[in-house]
Amino acid sequence: MARQLTIFLENRPGRIKSISDVLLENNLNIWAFTIQDRGEFGLMKMIVDKPQTAQLVLADRGFACVLKEVLAVTAESDKPGNLERLTSALLEQGVNIKDVSGFVSPRDRQGICFIEFENPDGANLEQTLGAVGFQILSDRQLYEL
Amino acid sequence: MEVNFWNPEVETMERSQLEALQLKRLQAVIGYALKTPFYQKRLSRAGISRPEDVRSLQELQKIPFTVKDDLRQNFPAGLLAVDMEEVVRIHSSSGTTGVPTVIYLTAEDLNSWTDLLARSIITTGCCRKDIFQNMMSYGLFTGGLGLHYGAERVGMTVIPVGGGNTQRQVQLMRDFKTTVVHVTPSYLLHIHTRLAEFGVKASDLHLRRAFLGAEPYSENTRLKLQELYGIDAYNSYGLSEMNGPSVAFECVYKKDMHLWEDAYIVEIIDPATGQILPDGQKGEVVLTNLVRHAMPLMRYRTRDLAFLHTEPCPCGRTHRRLSRIQGRTDDMLIINGVNVFPSQIEEVIMAIPEVGTNYMIHLTSAGALDKLIVKVEIYSKMFTGDLNSLDALKGKIRDRLRASITINPHIELHEPGSLPVFEGKAKHVVDNREKL
């Protein structure tokens with residue numbers, strides 16, 4: 001499993017900069033990020049190179065932030081139907097996707113998905129997704145890509 | 001101008017007779033007060049063990065003031081002077097620290113209160129032919145039931161609709177040709193802004209009078225309402241500790257409110273020293289209820305600032321007139337007619353573990369109505385990174401506040417450490433409402 005940093009932010013000018021300032025001061029590298037907006041506030045979700053360190057330095061500055069495990073799923077090649085196979089496999093197991101973001105790495109055209117999920121029956125997702133040709137990445141594997 | 005009386009003898013009584021009546025009733029109240037644990041102790045310290053120990057109205061000053069905190073500390077029955085089986089009605093208001101205040105009425109007390117309200121209604125020129133739509137909340141709040149009983153005693157046709165639901169209010173006003181409403185000024189303004197939406201013009205209505213109460217407003221707002229609806233609007237004053245509305249009401253001359261001195265002894269004091277101020281000087285209103293025996297309250301500090309008029313009123317009533325309320329000696333807020341202390345809000349939000357230590361209370365105007373915004377910081381250690389939990393947290397804060405203060409607040413979640421921190425006496429309230 002990969003770890004995603006989730007930070008509570010008010011929706012007003014300068015808040016994302018305040019996060020990036022702290023990360024820069026500590027020489028932390030952002031690998032992916034997305035924002036889930038809820039009107040007057042939102043959640044900034046980040047994949048960074050040193051999640052534990054990032055969480056500690058942000059918490060030290062007073063930010064409300066947590067590390068959450070997410071599924072980092074990769075498909076070997078970028079081709080039509082990858083998302084359909086992925087979601088079908090998760091649906092069969094009754095897994096609910098709470099939040100998801102996905103992109104294709106421009107260098108080698110490898111598709112990657114970050115999934116926050118609820119797995120009510122505790123299914124072995126590594127096995128389920130592996131059977132249909134997906135790989136679940138750990139933190140380390142993620143940065144070796 | 002036509003002046004009608006409900007009880008002409010009492011309403012136009014000579015000062016000396018009025019004071020004799022006050023003393024007689026005060027002694028009766030002291031008799032009841034001596035039956036309560038609270039006043040028994042207080043009065044005996046002041047050298048009063050029998051009603052006759054107070055021989056003149058001046059000697060009322062021997063009795064120390066009673067304050068709201070006394071009511072809380074003696075909750076629920078420390079000021080109850082009769083057997084519970086004599087009590088026919090309880091009214092209660094939510095408390096600032098979770099302890100509410102309560103008043104008790106016997107059948108006779110309820111009768112006296114109702115009679116004062118019937119008198120108040122007649123004083124404004126209403127009569128039994130009027131159709132009275134009561135837009136104040138019913139229930140534990142005294143405003144709704146009080147005027148309801150008074151209007152029935154007058155013989156008016158009463159529509160007990162209660163507060164809210166503007167479309168239904170307008171429908172009822174049209175269907176039954178309502179002539180009189182009892183309402184907060186802000187709600188009456190709000191209704192006017194929505195008439196067009198229902199295809200109604202103010203001139204289609206049959207309204208002639210409005211009793212305005214429960215929140216402060218200016219003379220300009222009265223004039224505006226009178227013009228918008230083509231009505232006469234009357235100011236009223238009361239507080240739940242004194243039974244609710246009925247303490248003072250305007251007559252047809254609308255030159256401030258006749259305070260019913262046969263039922264209440266009024267003193268205006270310097271809130272800092274407790275010294276009694278002469279008529280005409282602004283100070284804190286202190287009231288003694290002369291017509292309630294189940295729960296005597298003597299020299300009760302209302303925290304309202306006002307003054308008494310000295311010149312006689314052309315209507316012929318001898319009871320002195322109380323000015324509009326000029327302010328408060330405490331930090332009580334009046335939000336859409338409901339009394340709220342900032343400490344009530346603090347009490348609720350600080351009991352929720354997901355909330356941090358700083359908070360702010362913002363008041364703004366949403367049209368003619370008030371909007372309450374409560375800003376809280378989330379507590380880092382309780383943050384789960386889940387949007388649904390944050391939504392649930394907002395819902396929890398909103399529900400608990402509504403349960404405590406009966407107002408539906410808008411909740412804003414903020415980052416830890418983002419709200420201002422105050423040293424000493426905190427300034428948690430920002431009131432940006434347009435003054436009515």
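Start by selecting domain 1 and domain 2 of chain B, whose C-alpha centres lie 32 Å apart. Domain 1 covers 8-329 and domain 2 covers 335-431, with bounds that come from an automatic or database domain assignment. Where they meet, 11 residues from domain 1 and 12 residues from domain 2 take part; two residues are in contact if their C-beta atoms, placed from the backbone, lie within 7 Å. On the domain 1 side you will find 2 nonpolar, 8 polar and 1 charged residues. Here Ala, Val, Leu, Ile, Met, Phe, Trp, Tyr, Cys and Pro count as nonpolar, Asp, Glu, Lys and Arg as charged, and the others, Gly among them, as polar.

Before you go on, a word about the model: it is predicted, with local features needing pLDDT of at least 70 and side-chain atom pairs counting only at pLDDT 80 or more, while totals for chains, interfaces and linings use all residues. Residues are numbered from 1 along each chain as its sequence is written, and chains are lettered from A and ligands numbered from 1 in the order in which they are written.

Next, colour the open sheet of chain B. Its 8 strands run in the order 4-3-5-6-7-8-9-13, with mixed pairing; strands are DSSP runs of E, at least two residues, and helices are runs of H or I, at least four residues, both numbered from the N terminus. Two strands pair if DSSP finds at least two bridges between them. Which strands form the edges? Strand 4 (157-159) and strand 13 (321-322) of chain B do, each pairing on one side only. Zoom in on strand 4 and its partner, strand 3 (residues 131-134): they are parallel, over 3 bridges. Here B:I131 stands opposite B:T157.

Now select the largest nonpolar core, which has 82 residues. Such a core is a set of buried Ala, Val, Leu, Ile, Met, Phe, Trp, Tyr and Cys residues joined through C-beta atoms within 7 Å, where buried means that 20 or more other C-beta atoms lie within 10 Å of a residue's own. Helix 5 (residues 107-123) of chain B gives the largest share, 6 residues. Click on B:A248, one of the residues with the most contacts inside the core. Its neighbours include B:Y237, B:W260 and B:L322.

Finally, show chain A. Its contact with chain B takes 15 residues from chain A and 14 residues from chain B. Strand 1 of chain A gives the most to its side, with 4 residues.

Key
Buried ≥ 20, exposed ≤ 12 C-beta atoms within 10 Å, placed from the backbone. Lists of a residue's contacts leave out its neighbours within four places in sequence.
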